[in-house]
Amino acid sequence: MTSDSPHHLLIEDIAGGAMPVTVNCDMGESFGLWRIGDDAGLMPLIHIANVACGFHASDFDHMRATVRLAKTHGVKVGAHPSLPDLQGFGRREMKMGREEMANCMIYQIGALCGFLKAEGMELNHIKPHGSLYGMAARQEDIAHAVCDAADVFQVPILGMTGTLHEKIYPARGHRFVAEFYADLEYRPDGSLIVTREHDAKDPALMAARCTRAITEGKGTATDGSDIPVRCDSICIHSDTPNAIDIAQAVRAAVQPYT
């Protein structure tokens, strides 16, 4: 793809400003008989869905069901590939070389693309999951592996500002979509705290943080200090215990900016 391809442009609205903020959700994470998250309740509240591809959660039946649910609600679907860590929910780091990591992602994204094609939909974006997301933020070879996979599918990549996501993805010719996390905490250095299990959060506080991130470009770290953030899209996790309440509060708060 050439550098002037539509996928590589920072799309602007008619007034020349930034695109509206979207709400995205990591979802489709049930597996077999086990149910995680209320996807049916969350889907009407979001704009884009990051669908698990089977390596940290989900399976072939749940992947297709999630794609169908997204189609029903007019929600765009992106791939949420993970380290091959089903037992650890993709939240344990693993040592993998660049080519192996890229192949791991291509395998998962390709599977989701099959279900999207079956439902007459297109892949909207890629967002690495859990520890893979964190590794790509810090390790150049992993960030390049993400781009190697994205080269195949030619869609934007979601990531964090101030990390290798923002440095390497655009340098490799991919559109970078900066995320702000509504339901996770940040360290004073701006890095994200990814816990193995997510605790319930105060919906009003999470909504207020999102509004501040949009209007001021600032977030609040665990020590109360301000950190710079960029907010093209706000992420909510379906496995947070009160995810529906958070999603409702966040969607209402960011409505003027969507």
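Which residues point one way from strand 6, and which the other way? I started my entries on this predicted model with that question. Phe176, Ala178 and Phe180 point one way, while Val177, Glu179 and Tyr181 point the other way. I noted that all of them are buried.

Entry: I looked up the burial of residues 176–181. Buried here means under 20% relative accessible area. I found 6 of the 6 residues of strand 6 buried, so the strand is largely enclosed by the rest of the structure.

**Entry: neighbours of strand 6.** I looked for pairing partners next. Strand 5, residues 157–159, pairs with strand 6 in the parallel sense, over 3 bridges. Opposite Ala178 of strand 6 I found Gly159. Strand 11, residues 233–237, also runs parallel to strand 6 and is joined to it by 3 bridges. There, Ser233 is the bridge partner of Glu179.

Entry: I followed the chain through helix 6, residues 164–171. Strand 5, helix 6 and strand 6 make a β-α-β unit, which is right-handed.

**Entry: the second largest pocket.** I read its volume as about 470 Å³. I counted 24 lining residues, and Ala137, Met160, Arg187, Ser191 and Leu192 lie nearest the centre of the pocket. Strand 6 turns up again: along with helix 4 (130–138) and strand 10 (226–228), it is listed as supplying at least two residues of the lining. Which element gives the most to this lining? I found that helix 4 does, with 6 residues. By type, I recorded the lining as 10 nonpolar, 8 polar and 6 charged residues.

Methods:
Residues are numbered from 1 along each chain as its sequence is written. This is a predicted model: local features need pLDDT of at least 70, side-chain atom pairs count only at pLDDT 80 or more; totals for chains, interfaces and linings use all residues. Side-chain values use heavy atoms; hydrogens and water are left out. Buried means under 20% relative accessible area, exposed over 50%, partly exposed in between (1.4 Å probe, protein chains only). Helices (H or I, at least four residues) and strands (E, at least two) are DSSP runs, numbered from the N terminus. Two strands pair if DSSP finds at least two bridges between them. A crossover is right-handed if, with the strands pointing away from the viewer, the path from the first strand over the helix to the second runs clockwise. On a 1 Å grid over the protein atoms alone, a cavity is a set of points where a 1.4 Å probe fits but cannot get out, and a pocket is an open set with protein on both sides within 12 Å along at least five of seven lines; lining residues have an atom within 4 Å of a point. Grid points are joined across faces, edges and corners, and a volume is the space filled by probe spheres set on the points. Ala, Val, Leu, Ile, Met, Phe, Trp, Tyr, Cys and Pro count as nonpolar, Asp, Glu, Lys and Arg as charged, and the others, Gly among them, as polar.
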